[in-house]
Amino acid sequence: MQLVFIDDSGQNKPARQHLGELVAVGAVMVPEESVAAYAQDLAVIKAELGIPAEEEIKWNPPKTSYLGSGACQWSRSSDSGC
């Protein structure tokens with residue numbers, strides 16, 4: 001069996017003129033037998049970066065979250081953690 005994780009994002013009023021509402025959908029499909037290993041690998045990566053285990057990884061996290069609060073200064077261009 002395959003497990004599918006789906007997420008959506010939207011903007012009601014994008015910055016570019018004349019676009020109207022934008023909606024994006026992303027998904028990942030993982031074989032059921034690989035889910036536990038995938039979750040463990042993600043937990044290791046989060047721990048190495050200093051991200052709390054319960055923190056949801058988001059591209060644009062809310063300011064009330066650990067990643068959105070500025071506590072984590074990690075960037076994709078550096079190797080340093082949070």
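Among contacts between residues at least 6 apart in sequence, 29% join residues at least 24 apart in the protein, which is described here from a predicted model. The protein contains 1 helix and 2 strands, and from the N terminus on these elements follow the order β-β-α. Of the 82 residues in the protein, 12% are buried. The accessible surface amounts to about 7,000 Å², and carbon and sulfur atoms account for 54% of this surface.

A nonpolar patch is found on the surface, where it is formed by V4, I6, V23, V25 and M29. Together, these residues have about 540 Å² of accessible area. Two elements, β1 (2-11) and β2 (22-31), each give two or more residues to the patch. The largest share, 3 residues, comes from β2. One of the patch residues, V23, is located in strand β2. The relative accessible area of V23 is 60%; because residues with over 50% are classed as exposed, V23 belongs to the exposed class.

K46 is located in helix α1, which spans residues 35-49. This lysine is buried, yet K46 has no salt bridge. A salt bridge requires a side-chain nitrogen of Lys or Arg within 4 Å of a carboxyl oxygen of Asp or Glu. When residues up to four places away in sequence are not counted, K46 touches I51, P52, A53, E54, E55 and I57.

Key. Residues are numbered from 1 along each chain as its sequence is written. This is a predicted model: local features need pLDDT of at least 70, side-chain atom pairs count only at pLDDT 80 or more; totals for chains, interfaces and linings use all residues. Side-chain values use heavy atoms; hydrogens and water are left out. Patches are made of residues with over 30% relative accessible area and no salt bridge: like charges are joined within 9 Å, nonpolar side chains (Val, Leu, Ile, Met, Phe, Trp, Tyr) within 5 Å. Accessible areas come from the Shrake-Rupley method with a 1.4 Å probe; for residues, only the protein chains shown count as cover. Helices (H or I, at least four residues) and strands (E, at least two) are DSSP runs, numbered from the N terminus. Buried means under 20% relative accessible area, exposed over 50%, partly exposed in between (1.4 Å probe, protein chains only). Lys and Arg count as positive and Asp and Glu as negative; His and the chain ends are not counted. Contact means heavy atoms within 4.5 Å.
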